[in-house]
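Have the view open as you read.

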Amino acid sequence: MFAGSKFAAFLFDMDGTVLNSIAAAERVWTTWANRHGLDVAAFLPTIHGRRARETIAALKLPGVDPLAEADLLLKAEADDLEGIVPIPGAVAFLQSLPPERWAIVTSAPRELALLRIQAAGIPVPAMMLTAEDVTHGKPAPDCFLLAAKHLGVEARDCLVFEDAPAGIAAGEASGASVMVISATHVHPLVTPHPTIRSYDEISIATDGNGWIALARERAVA
């Protein structure tokens, strides 16, 4: 797992990567999908890892304003925080990192991201990029490139932690290395990248310049 590699910073997606909000998100999106006559079972897998406005725009529903609908969804999601929990081991792992060497990079709006972080008991990062901070959301690499810039490092020197195909593609396009978090995956995700289910499986060491190396604690279950 990245043997011999060191990273200038770690960039974490949020939902499905450091916390599990799937139940809450799918409750809200199910209500929305039913209202618009969608096939809920087919639609729900498409909501993860992208901004709501882009998910809605891709449907090309007649008479539907993606920005207005995304705003309504934000309000509904902000009101439904039940069952949001950290990914196993995430809290301790994030607390072990140098504060200036990691960021959360999420497709969620800032208001919702902060509410979910608080609900899950995740440490609030010193730097966080959200849906409002970029013109092009994942799978475009803009968010990871900008996060690296804000941390004063190059994206190619970062390790991106992701769970969803759109985010993985964004990490790849940014030039960063990618770690896949599979804790919320119902079906195996085919990926060439290292994969873990729990942050208890890995630990870190930092060198004198603050660069971070990963070590595997035990084999993936």
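Start with Glu-54 and Arg-51: both are buried, where buried means under 20% relative accessible area, exposed over 50% and partly exposed in between, with a 1.4 Å probe and protein chains only. Glu-54 forms a salt bridge with Arg-51, with the closest N and O atoms 2.6 Å apart; a salt bridge here is a side-chain nitrogen of Lys or Arg within 4 Å of a carboxyl oxygen of Asp or Glu.

A quick note on the source: this is a predicted model, in which local features need pLDDT of at least 70 and side-chain atom pairs count only at pLDDT 80 or more, while totals for chains, interfaces and linings use all residues. Residues are numbered from 1 along each chain as its sequence is written, and side-chain values use heavy atoms, leaving out hydrogens and water.

The structure holds 12 salt bridges. Take Lys-6 and Asp-207, whose closest N and O atoms are 3.4 Å apart. This pair links distant parts of the chain, 201 residues apart: Lys-6 sits in the segment before strand S1 (9-12), and Asp-207 in the loop between strands S9 (202-206) and S10 (212-216). Strands are DSSP runs of E with at least two residues, helices are runs of H or I with at least four, and both are numbered from the N terminus. Lys-6 counts as partly exposed because its relative accessibility is 44%, and Asp-207 counts as partly exposed at 25%.

Glu-201 and Arg-216 also meet in a salt bridge, at 3.9 Å from N to O. Here Glu-201 is buried at 4% relative accessibility, whereas Arg-216 is partly exposed at 37%.
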